Amino acid sequence: MLLQPSVQRADRLNLENFLQLPNIEESPAWEFVGQVAVQKPMPTLYHSRLQKRLIARIDGLGMDYEAFPELRCVLSTSSVVPDVAVVRADRIPAENGPLMGPPDWAIEILSPDQPSLTVIAKLKLCLREGTQLAWLMDPQEQLVLVMWPDRPLLLCEGEREIPGLAGLDLGLTAGRMFQEWLR
C-alpha cells in the first residue's frame, strides 16, 4: 500500500510527504501530479525498445545533454518520472537523487492502456515549469506529438522529421523510427 498510517487520507498528501513514502521508487515508479499519487503502467516490449534506442541515439550525439530512463524530476508541486528525461550536462545533480526541477526535454511513450490526455497533462505541467521540449510517442498509432512551451503542437507521422532540442538533431522520422526500431 502506498500511503503510510501517518497519511490516512489522499487529501492530506502533499509533495513533501509523497517524497518521504518508502515505495515510490518501486517498479514501475509512482508519480505525484495534481495532489494524486499514481503508479506508472508497466512498460511493454515496444515501450522498452523505443526507450532504449532513443536514449542511445540522444547520448550518441555529444556531451551537452544526457538522456536518463525513468529519472524522478521534482517540480514545484509535483513529482514526475518521464520515460526519458534529457538534461543539460551542467544541470545533472552531483549527488545520487532526483533532478530538482524539470528536465530540459521530457519524452513519454504511450502504453496501450494509458490515457493519452493524462500523459499530455503531465507533459504540459513540465513545459509550464521550464521543460523546453516534450514528446508523446504513440507506438500503436505510429506518431509523435511534439510540444513546446511557446508554440503550437506538432503532429509527426510518416516521413516528417521529428524536431529535437536545439543542438540535438536526431534525424528521425516517426515512420522510420517505429518501423525500424520496433522490429
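Glu 159 sits out in the open in this predicted model: its relative accessibility is 53%, so it counts as exposed. Its salt-bridge partner is Arg 176, with the closest N and O atoms 3.3 Å apart. That is one of nine salt bridges in the structure.

**Salt bridges**

- Arg 176 belongs to helix α4, while Glu 159 is in the loop between β11 (154-157) and α4, so the pair links parts of the chain 17 residues apart.
- Arg 176 has 36% relative accessibility, so put it down as partly exposed.
- Lys 122 and Glu 31 pair up through their side chains at 2.7 Å, N to O. Lys 122 is in helix α3 and Glu 31 in strand β1 (residues 30-33), 91 residues apart, and both are buried.
- Lys 40 and Asp 83 make another salt bridge, at 2.8 Å, N to O. Lys 40 comes from the loop between β2 (36-39) and α2, and Asp 83 from the loop between β5 (79-80) and β6, so the bridge ties together parts 43 residues apart in sequence. Both of these residues are buried too.

**Helix α2**

- The end C-alpha atoms of α2 are 21 Å apart, which agrees with the 21 Å that its 15 residues should span at 1.5 Å a residue.
- Its buried residues are His 47, Leu 50, Gln 51, Leu 54, Ile 55 and Ile 58. They cover an arc of only 125° around the axis, so they are on the same side of α2.
- In general, an α-helix has 3.6 residues a turn, so residues three or four places apart point the same way.
- Over on the other side of α2, Leu 45, Lys 52 and Ala 56 are exposed.
- The cover over the buried residues includes β3 (65-69), β6 (84-88), β8 (105-109), β9 and α4 (174-181).

**Two buried polar residues**

- Gln 51, in helix α2, counts as buried because its relative accessibility is 10%. Its side chain has a 3.0 Å polar contact with that of Glu 70.
- Beyond its sequence neighbours within four places, Gln 51 touches residues including Asp 83, Val 84 and Ile 109.
- Thr 131 is in the loop between α3 (116-129) and β9 (133-138) and is buried at 1% relative accessible area. Its side chain reaches the backbone oxygen of Pro 103 at 2.7 Å.
- With neighbours within four places set aside, the contacts of Thr 131 include Trp 105, Cys 126 and Pro 149.

Terms used: Residues numbered from 1 in each chain as written. Predicted model: local features only at pLDDT ≥ 70, side-chain atom pairs only at ≥ 80, totals over all residues. Heavy atoms only, no water. Helix = DSSP H or I, 4+ residues; strand = E, 2+ residues; numbered from the N terminus. Buried < 20%, exposed > 50% of the residue type's maximum accessible area, 1.4 Å probe, protein only. Polar contact = N/O pair within 3.5 Å; in protein donor to acceptor, adjacent residues only side chain to side chain. Contact = heavy atoms within 4.5 Å. Expected span 1.5 Å × (residues − 1). Arc of directions from axis to C-beta. Salt bridge = Lys/Arg side-chain N within 4 Å of Asp/Glu carboxyl O.
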